[in-house]
Amino acid sequence: MNLTWYILKKDFVRLRLPLALWVILMVGRFLVGDRILRVENSDLDALQVTLGALGAMHNVLFGLQLILCGVLVAALIHEDSVVGENAWWVTRPISGARLLGAKLVGLVLFFWVLPQVVSLPWWLYSGFDRRAIGGAVIQLAYTQAALSLLVLLVAVLTANAARFVAMVLLLVFAWMCCFITFLAHSPDVPLGVTQTRALAGVLLSLAVIALVVGHQFLTRRRGRSWVMFSVGFVLMLLLANFWPWDWSRWALWRGSEPPTLAHVTVAPTGEVAFTKVGSNLDPSLVRMEMGFWYVNLPGDYSLNFGGVTGTLRWPDGTEQKRTGWIQSYPMRISWHIMGLKAPAGANLEEWQKGEEGRGEAAMILIPRSFAAKVRQQAPAWTGELELAAYHGELVAEVPFREGAAGGRAGHKVRVMRIEHLESGSLVVNLAESVPIPAGDDLPIPLDLASRRRPPACYVLSSRDRTKFVLLRPYAESGTFVNSVVVLRSTFSVNVGQLENPADPHWLDQAEVLKVAYWSVGSLVRPAHSDGLHEAQFRNGHRVDPTTGPKPAPGT
Amino acid sequence: MNIIETHNLTRRFGRTEAVHGLELAVPEGSVFALLGPNGAGKSTTIKMLMNLIAPTVGEARVLGVDSRQLGPSERQQIGYVSENQQLPRWMTVRQYLDYCRPFYPAWDGELEKTLLAKFELPGDRKLQHLSRGMLMKAALLSSLAYRPKLLVLDEPFSGLDPLVRDEFVRGILEVSELGGWTVLVSSHDIEEVERLCDRIALMDEGRLQFAESTESLLGRFRRVEVTLQGGTADLASPPPDWLELERTGELVRFTTTRHEREVTEQACRRRFPGAAVAVNPMTLRDIFIVLARAGRTAKKGAAA
């Protein structure tokens, strides 16, 4: 073990200066992130420009940090190259296993532990609690693991930095060629199959990396390592494109279904709308938006980010099985706020009518010919929706005045600017730091380095909780700084509807409330519609299919 | 006892056979030279002995262990210096020695100091700032300080200017006086090898031509000059051990590879009656050149 530490110490001495530069880049990102939270400008347009510049500066630092991290991982391996016959260690009493152990410990300490230690003050400064720090640690570990393991794989097969760069470019080019080739022939694949493919791809990648790295360190027979790598690459391509089975139910732990959502059902509105698919390579496809409602969904929960699989059946017996995804409209104001804060007797139903009178939409790509057929003859649709469940939590109650700040559970909200417009509306600018939930919905997130911040909604509320008005975002500048979302959002608020001659100064006592939604599991629900009709035009505008008649609760 | 033995050791790179059926034995305590022109297969042989590449056929035993199984315990008894070895050039000489030390339980600190002084190596200078000769000395020092049983030097003199080469050889000679090790050195630098080695093997085109003691080799090769003095000369069907036989007027020259004074004199009297015979000793360099030319001539003859 002592000798392993000697090797590690040598590597640290060798890499200490670039490691220090790497840490400086990271700290630089924290400083830029803090600047994003603090910058002020009375002109909101100028503020957006400044925020854009700061965001770009952060992205440059982040890009440099990623590149330097890759270079450092490769340098750690090339310091004692496992390719060729001229490496110093090969003729010394150092076994391949010992060297591999030293390099893996170095990898963990330098590229997984060090960034966590450097980030900890930043997370604490951002107001993260234990749960938020846990999520940040996992998220950063995933990012670093994904990058360093891929670099490790290429580094053990190359002798020096020049060959490493050439090999990376070659592999990226090969991957792009394969990706484009297969994308052009991409069939309609159910979500579960896609998820199974992704998970299997991750597991296969880890197996190939372990096999190639271990083999190369222990034997230094590069030819055989290349064969393993190539076989793995081909298997990955085959798996990513031709794996036919949906094992997602068994392979992925999605979190159990919350008992409070046991009675939730899904009711299609029966209306569909067709939109052209802008970026799709196949012009013969159109997007069918199918509206539906969630029934019996408690106000403090939200269902979102899901997949849909179903079959269209026409009266003439024609069938078309298609898959799609759930359109995620922004989280709407939640009863949860009022459940927590509203005094007895508040007219919640009345308020909810205005804000939640809208369902969701499933997006399904179908051939144009079938779209025409839907218009001619209303088909029945039977299918299944798979939905991620979120629970709302009140994370900030901040007095509605410039400079006021507050928050909990890792969320920090500061009111930066309030501008009264002549129209009677308000423009509000908020600065926020928000934790990224990582690994809370899946033990192995398929996107490995999940960069999805939790959905949230914002409400302006009177102190006595008798008046609520939704803050509607119209400009947002968000940057991810080592698991902290640094956010500057501008909202418009129409307070005219809440003006009350008896209480003209209610705004002076108002608060900004923020509800964040945390992933709590997932649901799978069957759904059926006897006939899908295209939504009609009213007043020259196509009717949103999600505003169809709402079924009564309890159905 | 042999510290290195090879049996039918063969290495092919595609269709090219770099080493063919090598049978070699390096006795313990010897300073053994592997000689041959560029491309003879010397470095490939050493790489197989050090398990840097695997043999295609055959086997090599080093310190009694199959070369493919050489582990840390055997490496602790082997010193290896090569012109191509990648040293951690960012380290100073002292850092380099400090780094090497823990890997060798038998590291001799006193010997390290002695060698450092003898080689006149600046401890605080980075390896990348050392001259090539100094760098080789540093590599040699790091391979000697633990008193290895076997010291392997792969083309240690190439690229060194004569002065540095001399210093380097003197360094090896000085430490060889300390005794107790076997040295295997591959080189095409014959003069330096002649100063160092007590046994020599010659390789050409991947094949071993011979392997014997330097004394025996220098003893059996002689350059013979025969002045006919008007007598006759029988140059037909010369013995196979007569190489480069040529006549220029009254002068006949050849090299005998099996010189024994009486035998050579008798053969000369029989073929060149009344002639004056002068038998001259040869240097290793002369022997090497004669053998290389003879090899080429034989190859041309075979091709024709």
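Tutor: A crossing of two helices is called right-handed if the near helix is turned clockwise from the far one by less than a right angle, and left-handed if the turn is anticlockwise. The model to which this is applied here is a predicted one.

In chain A, helix H3 (residues 96-125) packs against helix H4 (residues 130-155) with the axes 10 Å apart and an angle of about 150° between them. Since angles over 145 degrees count as roughly antiparallel, H3(A) and H4(A) are therefore placed in that class. The crossing of H3(A) and H4(A) is right-handed. On the H3(A) side the contact is formed by A:Leu107, A:Phe111, A:Trp112, A:Pro115, A:Gln116, A:Ser119 and A:Trp123, and H4(A) answers with A:Ile133, A:Ala136, A:Val137, A:Leu140, A:Ala141, A:Gln144, A:Ala145, A:Ser148 and A:Leu152. By class, twelve of the residues in this contact are nonpolar, four are polar and none is charged.

Chain B holds a helix pair that may be set beside this one. Helix H4 (residues 109-119) of chain B packs on helix H5 (residues 132-144) of chain B at about 160°, the axes being 10 Å apart. That angle makes H4(B) roughly antiparallel to H5(B), and the crossing of H4(B) and H5(B) is right-handed. B:Leu115, B:Leu116 and B:Phe119 of H4(B) meet B:Lys137, B:Leu141 and B:Leu144 of H5(B). Five residues of this contact are nonpolar and one is charged, with no polar residue.

The two chains touch each other through 15 residues of chain A and 19 residues of chain B. On the side of chain A that touches chain B, seven residues are nonpolar, four polar and four charged.

Strands of chain B in the order S2-S1-S4-S5 form an open, antiparallel sheet of four strands. Its edges are strand S2 (16-27) and strand S5 (65-66), each of which pairs on one side only. Strand S4 (residues 57-62) of chain B joins S5(B) by two bridges in the antiparallel sense, and B:Val62 has B:Val65 in S5(B) as its bridge partner. Helix H1 (residues 42-49) of chain B lies across strand S1 (2-13), S2 and S4 of chain B, and runs at about 115° to S1(B).

A further open sheet of chain B has four strands in the order S12-S13-S11-S14, again with antiparallel pairing. Strand S12 (242-248) and strand S14 (276-281) of chain B have a single partner strand each, so one side of each is left without a neighbour in the sheet. From one strand to the next, the twist averages 15°. Helix H9 (residues 261-271) of chain B packs on this sheet, where it touches S11, strand S13 (251-256) and S14 of chain B, and its direction makes about 30° with that of S11(B).

The pairing in this sheet can be followed strand by strand. Strand S11 (residues 222-227) of chain B pairs with S14(B) over six bridges in the antiparallel sense, and B:Arg223 stands opposite B:Asn280. S11(B) also pairs with S13(B), antiparallel and over six bridges, with B:Arg222 opposite B:Thr256. Between S12(B) and S13(B) there are five bridges, likewise antiparallel, and B:Arg247 has B:Val252 in S13(B) as its bridge partner. S12(B) and S13(B) form a hairpin with two residues between the strands, in which B:Gly249 takes a positive phi near 60°.

Finally, chain B is divided into domain 1 (2-217) and domain 2 (219-303). Over C-alpha atoms, the centres of these two domains of chain B are separated by 36 Å. In their contact, twelve residues of domain 1 of chain B meet eleven residues of domain 2 of chain B. The elements that give two or more residues to the domain 1 side are helix H7 (190-196), strand S9 (199-204) and helix H8 (214-220) of chain B. H7(B) gives the most to that side, with four residues. By class, the side of domain 1 that touches domain 2 of chain B has six nonpolar, two polar and four charged residues.

Key: Residues numbered from 1 in each chain as written. Chains lettered and ligands numbered in written order. Predicted model: local features only at pLDDT ≥ 70, side-chain atom pairs only at ≥ 80, totals over all residues. Contact = placed C-beta atoms within 7 Å. Nonpolar A, V, L, I, M, F, W, Y, C, P; charged D, E, K, R; others polar. Pairing = 2+ DSSP bridges. Axes fitted to C-alpha atoms, helices over the stretch in contact; angles between N-to-C directions. Domains from an automatic or database assignment. Parallel < 35°, antiparallel > 145°, perpendicular 65-115°, else oblique.
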